[in-house]
Amino acid sequence: MSPLWRRRGIVRKWETADAFGVLFNHFRRVVTINNQILEKIADLERVLGGEYVYDRTFLQNAVTEIVEKGRHVIYHLNAMADDRYDLLYERFTTTGDQLADILAGGPGPYGPQLVLAWELLHRDLRHLAGGKGASLGEAVNSLKLPSPVGFVVSTTGYRRFMESNDLFSRINEILSHTADPAVQAARIGELFSRARLPNDLAGAINQALKKVRSSPLRPERFAVRSSGVDEDGERSFAGQFQSFLDVPSGDVATACVRVMASRFSERICRYLESGTPAEAAPMAVVVQPMVTAQASGVLYTRDPNDPGAESMVLSAVAGLGENLVAGRDSGDRFVFDRNHPFTLRTSHIGLRSEKAPDPLAMTSSGLRRGSGVVGLAVIRQLAEYGILLEKRFEYPQDIEWCLDTDGGIWILQSRPLRLPLARNVRTPAQLAAELAKLPVLMANRGHICQLGLSGGRVVQVTEETPAESFPVGGVAVSHYASPRLAEIVRRAAAIITDVGSPTSHLATIAREYRTPALFGAEKATGLLPDGVWVMVDVEAQTVYQGKVELPADLPHAGGLAPLPDNREESLLRSLLRLIAPLNLDNPGSPAFRMENCLTIHDFLRFCHERAVAELISFHTSGRLVSGGGAPLLDTALPIKLRLIDIGRGLAASGVKRVTVDQVSSMPLRFLLQGLLDDRFWDQEPVPFSIRDLLSGITRPLTMLSNAPSYSGENLAIIADNYCNLSLRLGYHFNIIDCYLSDESDDNHVYFRFVGGFAEAGKRERRAAMIAQVLAGLHFKVELKGDLVLGKVKMLERTHLESILVHLGELVAFTRQLDVKMVDDAAIERFFSEFLGRVGNVSAGRGA
């Protein structure tokens with residue numbers, strides 16, 4: 001086996017600055033290759049977003065490159081960590097094999113499973129979960145919409161049942177001997193009546209049922225529904241297969257067999273072409289807890305009678321919706337706008353079985369009063385769900401829903417809505433001409449993250465904006481492209497940010513949800529007023545004020561609009577599900593372990609986090625004893641700072657002293673910008689109390705329990721884009737570890753502060769004040785007595801540069817501040833004073 005692949009038994013002792021340079025070079029390789037892989041992943045996401053034409057060969061080459069480079073990342077991490085993470089190799093190989101299986105046309109990692117847990121379902125598992133199961137899984141797992149959570153007997157389970165009873169061959173024999181659908185169905189029915197579930201399938205169904213029954217709602221009655229692979233496709237099979245409602249838990253397995261048998265009912269034998277083999281149109285079975293419905297119905301996200309109108313249509317009946325979908329009850333009918341707040345246009349209240357006064361009273365708006373089975377709040381919530389489902393599936397939707405007795409809405413099915421083709425569809429040139437008539441609010445700004453043309457009202461948001469308060473279909477405008485805006489991206493018609501890049505995590509999410517996105521527009525929050533209706537043309541990097549009705553995304557020939565069917569696109573989505581999602585999103589969680597890496601992105605995130613930790617632990621562990629002959633920084637600072645250059649950190653070499661101008665390390669330069677500002681240094685004598693003196697005298701350096709092992713000279717280990725600054729200022733210790741580059745995913749700052757001369761209460765107050773400042777700078781902060789730990793990462797370069805300046809200012813400002821922290825009020829007093837000085841300095845710099 002290649003030494004690049006496995007490095008067992010190698011021991012490294014990092015005892016010198018040169019050795020740290022070797023360690024850092026491995027770290028740099030982790031970062032560089034990490035970037036290359038993330039860029040390749042972003043390319044795949046842009047391809048999925050419609051920016052490029054591609055084929056299977058392109059996907060094969062891209063996945064091969066990603067997997068090979070991923071192995072190199074794991075190698076360099078293990079080179080830093082004496083092979084402590086060699087388990088990653090085995091797990092990574094498993095993920096690589098799963099990707100290879102998908103590329104080869106295999107069923108993917110869940111192919112062998114007889115029963116699929118609900119959390120595994122998504123839109124690209126149609127081949128295993130059928131149309132209904134795949135779409136409902138996507139609704140719950142991706143869009144977080146409410147649907148009763150159960151399980152699916154997969155097509156693998158269906159084939160296991162059929163083969164264990166030799167049904168395929170015996171059914172094909174029947175089909176070959178008679179062409180009469182009635183005779184075919186009767187004889188096949190006899191075969192099913194004698195068939196038995198194999199033990200492994202019966203056990204899997206019972207185990208899944210046990211899990212659902214132990215959930216908080218403790219359901220005992222179930223809906224057992226068909227989910228054919230070809231169902232809801234070009235052939236809808238609507239109403240052709242059997243489903244069973246209100247099934248007791250003990251009868252679920254039998255109901256599953258009856259659903260499978262309905263694949264060969266007389267109706268299906270007539271529906272399919274003569275000669276269709278038994279193996280065709282395989283069946284999955286969806287099992288869900290039964291919902292007690294006070295109302296049910298169907299929502300069309302476009303009006304089938306007028307697809308070009310910006311309207312939705314909802315039908316509703318009391319109780320279960322069987323009569324509505326079977327055409328035996330017309331129910332109530334509501335037509336309303338497709339745009340938030342989904343204004344009701346017309347309503348028609350159906351006849352009730354009981355006698356009632358007629359005609360119904362009318363309100364001044366022309367809508368009938370008080371007799372509908374659902375209210376406006378339910379209609380608007382369903383409208384939101386409908387827009388989210390249509391956006392996700394990229395096609396108008398036919399949605400079955402119900403309202404339970406507690407007022408909760410449940411999605412029961414979402415399938416493509418077959419529509420007649422629109423007439424007089426505008427050409428792209430005509431649409432562009434209409435846009436050109438509108439006033440331009442923003443032009444030629446931002447990085448294209450996801451192509452698209454969309455419109456909606458501007459809603460200015462921040463990281464703290466609750467996602468549920470964001471109106472579906474609004475245009476989100478934010479200063480930062482924070483991953484915390486992910487749920488808003490899901491709801492938005494478009495998103496624009498002042499700061500951000502196409503390689504950020506939020507850009508990945510925008511591409512996943514096909515939300516048009518422009519990041520890094522610099523002044524979007526100032527140029528796009530809240531509440532204004534705008535049209536966002538991402539390709540032109542332009543935002544217009546006003547509204548242009550966008551055509552329904554329909555083809556131009558006669559008949560029904562064909563359904564979207566792009567197998568390469570489905571293949572790419574399946575690959576990206578094993579590549580792009582990030583499950584290990586919290587390094588502080590006990591679950592952040594290499595055993596839990598499931599996707600390529602998980603492996604990259606884990607390796608990057610652990611590589612950073614190796615750099616930090618190297619220095620905090622005291623393995624580097626002294627700066628030796630490293631040059632001193634020539635400044636007016638009341639400290640001596642030695643600089644150890646491990647890679648293009650200094651413009652000079654072989655000298656004993658260097659100036660700030662000779663420092664090439666960008667993180668250190670920005671730290672020094674704040675650290676050298678004498679407006680933050682307090683040169684006046686500090687008022688030590690007797691308790692402070694006693695505390696300092698009785699606590700020699702070696703007794704500071706929270707101090708790092710290293711307590712030698714002030715050192716900065718630097719490279720062109722890296723700095724590890726270790727300071728001892730009196731009796732407190734400060735470590736700042738930073739990586740600064742143009743790739744926001746790689747950027748990080750680690751801040752550690754501990755100790756002081758004053759008594760414990762004062763030291764802890766200073767620590768609290770520092771923690772307050774760090775929190776304001778977007779750090780994740782831990783505070784333990786007088787120990788402050790702060791981490792921030794994945795920030796844009798310009799944002800991180802300003803943070804480094806403020807950290808330098810903070811280090812200068814808080815030197816000897818502990819003795820002044822006489823009471824709790826001092827925390828807020830000095831916090832405000834620091835902010836005041838920062839404001840004055842910033843104003844001076846701006847001038």
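Strands S13 and S17 pair in the antiparallel sense, over three bridges. Pairing here requires that DSSP finds at least two bridges between two strands. Helices (H or I, at least four residues) and strands (E, at least two) are DSSP runs, numbered from the N terminus. The structure is a predicted model: local features need pLDDT of at least 70, side-chain atom pairs count only at pLDDT 80 or more, and totals for chains, interfaces and linings use all residues. Residues are numbered from 1 along each chain as its sequence is written, and side-chain values use heavy atoms, with hydrogens and water left out.

His-505 lies in helix H15. His-505 is buried, at a relative accessible area of 14%. Buried means under 20% relative accessible area, exposed over 50%, and partly exposed in between (1.4 Å probe, protein chains only). Not counting residues up to four places away in sequence, His-505 touches Pro-483, Leu-582, His-601, Asp-745 and Met-794. Contact means heavy atoms within 4.5 Å. The C-alpha atoms of His-505 and Ser-744 are 9.5 Å apart in space, although 239 residues separate the two in sequence.

Salt bridges were examined next. Side chains of opposite charge can pair when their charged atoms come close. The criterion is a side-chain nitrogen of Lys or Arg within 4 Å of a carboxyl oxygen of Asp or Glu. The whole structure holds 45 such salt bridges. One of them joins Arg-338 to Glu-390, with the closest N and O atoms 2.8 Å apart. Arg-338 lies in the loop between strand S8 (332–337) and strand S9 (344–348), and Glu-390 in helix H12 (residues 376–393), so the pair ties together parts that are 52 residues apart in sequence. Both partners are buried: Arg-338 has a relative accessible area of 10%, and Glu-390 has 13%.

Arg-514 and Glu-394 also meet in a salt bridge, at 2.4 Å from N to O. This pair links distant parts of the chain, 120 residues apart. Arg-514 sits in the loop between helix H15 (505–512) and strand S17 (517–519). Glu-394 sits in the loop between H12 and strand S10 (397–404). Glu-394 is partly exposed, with 31% relative accessible area.

A further salt bridge stays within one helix. Arg-837 and Glu-833 both lie in helix H23 (residues 825–846), four residues apart, about one turn of the helix. Their closest N and O atoms are 2.7 Å apart. Arg-837 is partly exposed at 23% relative accessible area, as is Glu-833 at 32%. Elsewhere, salt bridges that share partners join Arg-123, Asp-124, Glu-138, Arg-392, Glu-394, Glu-512, Arg-514, Glu-569, Arg-573 and Arg-577 into one network.

Glu-801 is placed in helix H22 (residues 797–814). Its relative accessible area is 15%, and Glu-801 is buried. Leaving aside neighbours within four places in sequence, Glu-801 is in contact with Phe-670 and Leu-740. Leu-729 belongs to strand S24 (residues 722–729). Leu-729 counts as buried at 7% relative accessibility. With neighbours within four places again left aside, Leu-729 is in contact with Ile-639, Val-811 and Arg-815. Leu-729 and Arg-815 are 86 residues apart in sequence, and 6.9 Å apart from C-alpha to C-alpha.

The average pLDDT (the predictor's confidence in each residue, from 0 to 100) is 83, and 84% of the residues score at least 70. Confidence is lowest in helix H20 (residues 690–697), at a mean of 45, and highest in strand S2 (residues 151–153), at 97. Over residues 1–15 the pLDDT stays under 50, and the model has 32 contacts beyond four places in sequence for this stretch. Residues 354–369 also have pLDDT below 50, with 15 contacts in the model beyond near neighbours in sequence.
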